Amino acid sequence: MKPNLSVSIAGVDFANPIMTASGCCGYGEELAVIFPLSKLGALVTKSITLKPRLGHPSPRTAETSSGMLNAIGLANVGIDKFVTDKIPFLEKQKTKIIVNVAGSKLAEYIEVCARLNDFERVDMIELNISCPNVDEGGMEFGADPKMTEKSISEVKKVFSRPVIAKLSPNVTSIVEIAKAAEQGGADAFSVINSLVGTAIDIETWQTKITNNKGGLTGPAIKPVALQMVNAVYSKCSLPIIGIGGIQSAADVIEFLLCGATAVQVGTALFIQPDLPVTIEKELKAYMKRKKLNSIDELIGKVRKY
Ligand SMILES: Cc1cc2nc3c(=O)[nH]c(=O)nc-3n(C[C@H](O)[C@H](O)[C@H](O)COP(=O)(O)O)c2cc1C
């Protein structure tokens, strides 16, 4: 019996549970040179904003123990260029397309999402209400339950397909924010965005990135992400896309056991861009070895003391 890796989230069917994480492969063009994007469950784009953004000046990344700090500052082409230059390429790809949307004001999120509604091949929107690297909006929205609920409910009015709320770990209670997003009409959660951190050069006493603080990602954050996925899974009923430090099929299985239906691979793509292909093969082999027919048999099945 061949294991079936397909999963379904909010009525959208994915060939497998492995997606790319926003900001870690641009708009997919460079990745498509390395492997056919049909190997992915979904491609998630870099955050798109209303106006183009150059982001913060360099240096905007720094390596840390088992991780990476970044404060890119949401550098992206903006919705106009995304529609004219990037969507035509994405529309041709035989994978699901999730467009991540960010903004500094609610009106910006609404305008971008309304524009995306015209493109049927944009299967879902992932709402970035959790970016730690911009001065306004982003994480501020995602740290306030009322703003979270309102931003989701307003976007749901202009975008007719499913909306994913991407949650921040930089809050007192991620469950409280998840419940607010659920209340606002979210269809799924992405858990988690990066943790706020910093790093300093001890010779110059200078912070290592120009924004002085940034988002910590990579294997260092996996235990935090797993716990948050499981907390949200235990208290809410929407499907979860698990994110944080995934480097192997073993990591993916941990996320599935904690309650994720699918996962995203981010920082690890910078080391091995075709990692999703390897993970898919390893996951299939694990399912065969464990005599599992479907991903469903793993979701939320963690055994606890
Ligand atoms: C360089 C870089 C840029 C990122 N840009 C975005 C972004 O534009 N929007 C967003 O929602 N998340 C962004 N993220 C966060 C990732 O999507 C992901 O949530 C985070 O990196 C954790 O996963 P990982 O440990 O597998 O990298 C970015 C991460 C990195 C490393």
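Reply: β3 and β16 run parallel and are joined by 3 bridges. Helices (H or I, at least four residues) and strands (E, at least two) are DSSP runs, numbered from the N terminus, and two strands pair if DSSP finds at least two bridges between them. The model is predicted: local features need pLDDT of at least 70, side-chain atom pairs count only at pLDDT 80 or more, and totals for chains, interfaces and linings use all residues. Residues are numbered from 1 along each chain as its sequence is written.

Me: Which residue of β16 is the bridge partner of I18?
Reply: The strands β3 and β16 are parallel. Within β16, the residue bridged to I18 is V263.

Me: Which residue stands opposite A262 of β16?
Reply: β15 and β16 also run parallel, with 3 bridges between them. The residue opposite A262 is I241.

Me: Are the residues on the two faces of β16 buried or exposed?
Reply: In a regular strand the side chains alternate between the two faces of the sheet. A residue is buried if 20 or more other C-beta atoms lie within 10 Å of its own, exposed if 12 or fewer, and partly exposed in between, with C-beta atoms placed from the backbone. In β16, A262 and Q264 lie on one side and V263 and V265 on the other, and all of them are buried.

Me: How many residues of helix α8 are buried?
Reply: Helix α8 spans residues 249-258 and is mostly covered. Its buried residues include A249, V252, I253 and L256. Among the elements that cover them are β3, β15, β16 and α9 (275-289). Of the 10 residues in α8, the number buried is 8.

Me: How are α7 and α8 oriented to each other?
Reply: Two packed helices are described by the angle between their axes and the distance between the axes. Here the axes come within 8 Å and cross at roughly 25°; axes are lines fitted to C-alpha atoms, for helices over the stretch in contact, and angles run from 0 to 180 degrees between N-to-C directions. Angles under 35 degrees count as roughly parallel, over 145 as roughly antiparallel, 65 to 115 as roughly perpendicular and the rest as oblique. The orientation of α7 and α8 is therefore roughly parallel.

Me: How many residues has the largest nonpolar core?
Reply: A nonpolar core is a set of buried Ala, Val, Leu, Ile, Met, Phe, Trp, Tyr and Cys residues joined through C-beta atoms within 7 Å. In the largest one, the residues with the most contacts inside it are I125, F189, V229 and V263. F189, for example, touches I164, L167, V232 and I240, among others. The number of residues in this core is 91.

Me: Which strands stand at the edges of the open sheet of 4 strands?
Reply: The order in this sheet is β5-β6-β14-β11, with antiparallel pairing. Each edge strand has a single partner, so one side of each is left without a neighbour in the sheet. The edge strands are β5 (61-64) and β11 (195-197).

Me: Which residue of β6 does E63 stand opposite?
Reply: β5 and β6 (residues 67-70) are antiparallel and joined by 4 bridges. The residue opposite E63 is M68.

Me: What is the omega of the peptide bond from S58 to P59?
Reply: Most residues other than glycine have a negative phi, and most peptide bonds are trans. P59 has its place in the loop between β4 (42-44) and β5. The bond from S58 to P59 is cis, with omega near -5°.

Me: Is N212 buried or exposed?
Reply: N212 lies in the loop between β13 (206-207) and β14. Although not a glycine, N212 has a positive phi of about 70°. With 12 other C-beta atoms within 10 Å, N212 is exposed.

Notes
Two residues are in contact if their C-beta atoms, placed from the backbone, lie within 7 Å. Lists of a residue's contacts leave out its neighbours within four places in sequence.
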